[in-house]
Amino acid sequence: MATNMPFVSLAARERQKYSCPFFLFSQTSVKGLMASKLHQLQAKASQASQFVAKHGTSYYKQLLEQNKQYIQEPPTVEKCNELSKQLFYTRLASIPGRTESFWKELDYVKNMWKHRQELKVEDAGIAALFGLECFAWFCAGEIIGRGFTFTGYYP
């Protein structure tokens with residue numbers, strides 16, 4: 001097979017196949033970079049495990065001592081299941097109060113909208129910041145939902 005191209009190494013031809021700029025690096029430099037990063041990660045993990053082994057039990061005991069008023073005796077699976085059910089049904093029982101609060105807030109917003117001529121600049125600024133915060137949380141949720149990508153969804 002004859003070509004009009006001058007001699008190009010096999011590695012250069014392989015790099016030309018791919019349009020991704022990642023392949024502009026030689027494979028050996030990428031492997032070396034990944035190996036050094038892996039070594040750094042292993043060193044950090046080793047340091048963290050040594051820290052936990054040295055200070056973990058004292059931190060655990062201190063945490064339990066500071067929060068002993070919340071500990072239920074006896075600490076059994078049955079007690080945990082009972083507390084779990086209590087939490088669930090307590091949250092379920094709080095729904096009417098929360099819906100009542102929601103409707104009060106909605107009525108307040110409707111009233112402010114009816115009397116928007118009397119609206120202060122500070123109130124409008126707070127409302128704008130709240131709307132901006134809601135939009136920012138929406139964008140963060142979208143990014144998380146896409147798998148932490150900014151450009152789009154994975155195929």
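Okay, let's start with a definition: rings of Phe, Tyr and Trp (its six-membered ring) pair if their centres lie within 6.5 Å, and planes under 30 degrees apart count as stacked, over 60 as edge-to-face and the rest as tilted. Before we use that, remember this is a predicted model, where local features need pLDDT of at least 70 and side-chain atom pairs count only at pLDDT 80 or more, while totals for chains, interfaces and linings use all residues. Residues are numbered from 1 along each chain as its sequence is written, and side-chain values use heavy atoms, with hydrogens and water left out.

So, how many aromatic pairs does a search of the whole structure find? There are 3 aromatic pairs. Take Phe102 and Trp103: the ring centres are 5.1 Å apart and the planes sit at 70°, so we call that pair edge-to-face. Phe102 is partly exposed, with a relative accessible area of 47%; buried would be under 20%, exposed over 50%, and partly exposed is in between (1.4 Å probe, protein chains only).

Another ring to look at is Trp113. The charged end of Arg116 sits over that ring, 4.5 Å from its centre. To count, NZ of Lys or CZ of Arg has to be within 6 Å of the ring centre and within 35 degrees of the ring normal.

Last stop, Cys139. You'll find Cys139 in helix 5, residues 121-145; helices here are DSSP runs (H or I, at least four residues), numbered from the N terminus. Cys139 is partly exposed too, at 28% relative accessible area.

Key:
Helices (H or I, at least four residues) and strands (E, at least two) are DSSP runs, numbered from the N terminus.
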